[in-house]
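Biologist: I have a structure open and would like to learn how to read it. Could you walk me through it?

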Amino acid sequence: MSNEIFEVVRTVMAIREYDGRPLPDDLARRIVEAGHLTASASNRQPWHFVLVRDPERVRKLGSLIRTGRYTSGAAAAVIVAYEKEFGQYGMSDASRAIQSMILVAWGDGVGSNWTGFGGMEEVRREFGIPDAYDVLAVLPFGYPKRKVIGKKKRKPFKDVVSSERFGQAL
Ligand SMILES: Cc1cc2nc3c(=O)[nH]c(=O)nc-3n(C[C@H](O)[C@H](O)[C@H](O)COP(=O)(O)O)c2cc1C
């Protein structure tokens, strides 16, 4: 039995090169709606998503991300921030929203990736995000430059999945 959601999960890859086409407004909006609709612990939604489409601002964004300079070549990007006071809950909630946005984009043929952990404080300041937030990630979005074959490199299934008890094969 086919399952479209599983197909999206199976085929999605980290996309770091984009073909330069702009994203239609409705697709860009749908991506951030996917973040907005995501579940969070106690439904607190301690996040904020900044959609950046101005090409000059997208380039600036890329220049700030140490592990994601290629963001400069994206059609759009979403800055994902969460309220610091929510700690690990905020980070978990925002991570789940990131996955929603990446998968929904991929369902529309739009590639993206998670970039982060270096330069996020600079991103926060440059884009006017209040002190009370931490930036968890920046997600570049764009149509992939090359055809993507969803061949994932993953540890063997049996090494990371058990049945009933750790270490017992499924
Ligand atoms: C939490 C997290 C952080 C990541 N950070 C970066 C990053 O800063 N820069 C980058 O280019 N890719 C980043 N990635 C993408 C991973 O490197 C990539 O998804 C992984 O190597 C598997 O490749 P695949 O998604 O194409 O299967 C990150 C992914 C995750 C889940």
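This is a predicted model: local features need pLDDT of at least 70, side-chain atom pairs count only at pLDDT 80 or more; totals for chains, interfaces and linings use all residues.

**Reading the ligand site and a helix pair**

Biologist: Which polar side-chain atoms lie by an oxygen atom of the ligand?

Modeller: For a polar contact, look for N or O atoms within 3.5 Å of each other. R16 has a polar side-chain atom 2.8 Å from a ligand oxygen. For T67 the distance to an oxygen of the ligand is 2.6 Å, and for Y70 it is 2.6 Å. The ligand taken alone exposes 630 Å², and the protein buries 60% of that area.

Biologist: Now the helices. At what angle do α1 and α4 pack?

Modeller: Angles of 65 to 115 degrees count as roughly perpendicular. Helix α1 (residues 4-11) and helix α4 (residues 87-107) pack at about 100°, their axes 10 Å apart, so they are roughly perpendicular to each other.

Biologist: Which residues make the contact?

Modeller: From α1 come V8, V9 and T11, and from α4 come L103, W106 and G107. This contact has 4 nonpolar, 2 polar and no charged residues.

Note on methods:
Residues are numbered from 1 along each chain as its sequence is written. Side-chain values use heavy atoms; hydrogens and water are left out. A polar contact is a pair of N or O atoms within 3.5 Å; within protein, one must be able to donate a hydrogen and the other to accept it, and residues adjacent in sequence count only if both atoms are side-chain atoms. Accessible areas come from the Shrake-Rupley method with a 1.4 Å probe; for residues, only the protein chains shown count as cover. Axes are lines fitted to C-alpha atoms, for helices over the stretch in contact, and angles run from 0 to 180 degrees between N-to-C directions. Helices (H or I, at least four residues) and strands (E, at least two) are DSSP runs, numbered from the N terminus. Angles under 35 degrees count as roughly parallel, over 145 as roughly antiparallel, 65 to 115 as roughly perpendicular and the rest as oblique. Contact means heavy atoms within 4.5 Å. Ala, Val, Leu, Ile, Met, Phe, Trp, Tyr, Cys and Pro count as nonpolar, Asp, Glu, Lys and Arg as charged, and the others, Gly among them, as polar.
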